[in-house]
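Dear colleague,

Please find below the structure that I am handing over to you. Have a look at it first, and then read on for the notes that follow.

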Amino acid sequence: MTSSTKILLSGVKPTGRPHIGNYFGAMKQFVDLLNSGQYRCYFMVADYHALNTVKNSQEMRQHIVDLALDYLAIGLDPEKAVLFKQSDVSAHTELAWVFDTLVTVPYLQRAHAYKAELDRINALNPKKEALLNKKVGMYEVEINVGTFNYPVLMAADILLYDTDVVPVGQDQKQHIEYARDIAQKFNGTFGELFKLPKALILEDVATVPGTDGRKMSKSYNNTIPLFADDETIKKAVMSMVTDSKGADEPKDPEHDTIFAIHKLFTSPAELAKLADQYKQGTISYKESKELLIQKISMFIAPLRERRAELQKDVAAVQKILERGAEQACAVANAKMKEVRKMIGVDSQ
Ligand code: AMP
């Protein structure tokens with residue numbers, strides 16, 4: 001690794017089981033880019049981002065260990081990359097506050113993720129009173145400040161490490177643009193300090209569709225979990241929504257969610273053959289689903305086994321996160337020291 005080695009950082013929120021959208025949209029790239037040897041890599045368990053929705057300490061602890069196990073099981077080698085937990089590096093929240101004083105409310109109101117959350121909440125509104133009576137958390141029926149501020153904390157996550165590239169799915173593109181804007185705002189106000197990061201988004205897998213055809217997402221309940229058992233895979237695939245074309249009618253592969261998922265697991269030659277079968281009406285949606293179940297099961301089985309093996313030694317996982325935190329703190333605290341100096345809050 002040389003001084004010109006580029007820095008890569010990304011993260012996933014520990015909010016529940018990751019799905020194949022997370023994997024193909026982001027996590028697979030983590031492994032490929034780490035193994036390319038071209039980057040100094042930081043992979044974060046974004047627990048303070050998860051806190052926007054996870055409000056139970058036991059659940060949070062479990063999700064954190066689970067995600068660390070997932071990282072290891074997909075092949076992120078802790079000897080090569082820094083695997084750490086966001087909350088272990090307090091510079092993230094400290095820098096987010098500094099950025100909060102530079103960023104305006106109307107700017108954050110333009111964020112897609114904020115607008116999507118507003119839409120979700122507005123859709124609930126007729127039921128809001130009933131939900132409140134059921135004592136659901138306020139954050140479920142009103143937007144919380146953490147969700148509003150999400151892009152600011154994410155900018156801090158990225159900028160603290162002089163990150164060059166951030167591999168993410170399409171839904172995070174705007175957040176990386178926000179990080180660039182915020183870096184420029186700071187640099188313009190206090191002087192050059194932060195590097196402008198770039199998003200790394202793979203076009204083909206930028207948005208993996210879920211079983212209902214919308215973006216695959218834990219919040220839409222339309223996922224195929226990454227470490228699922230065979231029964232869960234079967235149930236998820238069989239529930240996939242299609243049009244009503246009969247077995248021997250020609251079908252359009254480019255407008256079918258089953259075909260879109262086949263793309264993730266199939267070689268180009270095999271995919272071309274399948275596309276022909278669709279167009280000629282020689283395959284039914286049911287047969288296409290059965291084929292897909294086989295492919296996904298074959299792909300997931302070794303990952304699931306590796307994860308089960310790792311799960312036998314959770315203490316080792318905690319040690320990896322502790323070591324990662326030390327390495328991340330060394331870099332982040334040094335950067336924060338520079339920030340404090342530039343804004344004038346350092347001791348003379
Ligand atoms: P999250 O679970 O929101 O922390 O997302 C972790 C990563 O997975 C982010 O880089 C997202 O952009 C990516 N991601 C989430 N859902 C999808 C999807 N359906 N297709 C592609 N990438 C996704």
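**Helix H3 and what surrounds it**

Helix H3 has 18 residues, and from its first C-alpha to its last it reaches 26 Å, which is close to the 26 Å expected at 1.5 Å a residue. Please keep in mind, before going further, that this is a predicted model. H3 is mostly covered, since 13 of its 18 residues are buried. At its N-terminal end H3 is capped by Asn56, a side-chain oxygen of which lies 3.0 Å from the backbone nitrogen of Gln58. Just after H3 comes Gly75, which takes a positive phi of about 115 degrees.

The loop between helix H2 (47–50) and helix H3 (57–74) contains Asn52. Is Asn52 buried or exposed? Asn52 counts as buried because its relative accessible area is 13%, and buried means under 20%. A polar atom of the Asn52 side chain lies 3.2 Å from the backbone nitrogen of Thr147.

Among the buried residues of H10 are Ile176, Ala179, Ala183 and Phe186. H10 is followed by Gly191, whose phi is positive, near 120 degrees.

**Aromatic rings**

The structure holds 18 aromatic pairs. One of them is formed by Tyr42 and Tyr161, and this pair is tilted, with 4.8 Å from centre to centre and 40 degrees between the planes. Tyr42 lies in strand S2 (residues 39–45), whereas Tyr161 lies in the loop between helix H9 (145–159) and strand S4 (165–167), so the pair ties together parts that are 119 residues apart in sequence. Tyr42 counts as buried because its relative accessibility is 5%, and Tyr161 is likewise buried, with a relative accessible area of 2%.

Elsewhere, Arg307 lies over the face of Phe227, at 5.4 Å from the ring centre. There is also an aromatic cluster, which is formed by Tyr23, Phe24, Phe265 and Phe299.

**The cavity**

How many cavities of 30 Å³ or more does a search of the whole structure find? The search finds one, and about 40 Å³ of space lies in the largest cavity. The lining of the largest cavity is made up of Pro78, Ala81, Leu83, Ile320, Arg323, Gly324 and Gln327. Helix H15 (residues 314–343) gives the most to this lining, with four residues.

Finally, Ala260 lies in helix H12 (residues 257–265). Why does Ala260 count as partly exposed? The reason is that its relative accessibility is 23%, and partly exposed covers what lies between the 20% limit for buried and the 50% limit for exposed. The C-alpha atoms of Ala260 and Pro167, which are 93 residues apart along the chain, are separated by 21 Å.

With best wishes

Terms used. Residues are numbered from 1 along each chain as its sequence is written. This is a predicted model: local features need pLDDT of at least 70, side-chain atom pairs count only at pLDDT 80 or more; totals for chains, interfaces and linings use all residues. Side-chain values use heavy atoms; hydrogens and water are left out. Helices (H or I, at least four residues) and strands (E, at least two) are DSSP runs, numbered from the N terminus. Buried means under 20% relative accessible area, exposed over 50%, partly exposed in between (1.4 Å probe, protein chains only). A polar contact is a pair of N or O atoms within 3.5 Å; within protein, one must be able to donate a hydrogen and the other to accept it, and residues adjacent in sequence count only if both atoms are side-chain atoms. The expected span of a helix is 1.5 Å times one less than its number of residues. Rings of Phe, Tyr and Trp (its six-membered ring) pair if their centres lie within 6.5 Å; planes under 30 degrees apart count as stacked, over 60 as edge-to-face and the rest as tilted. A charge sits over a ring if NZ of Lys or CZ of Arg is within 6 Å of the ring centre and within 35 degrees of the ring normal. On a 1 Å grid over the protein atoms alone, a cavity is a set of points where a 1.4 Å probe fits but cannot get out, and a pocket is an open set with protein on both sides within 12 Å along at least five of seven lines; lining residues have an atom within 4 Å of a point. Grid points are joined across faces, edges and corners, and a volume is the space filled by probe spheres set on the points.
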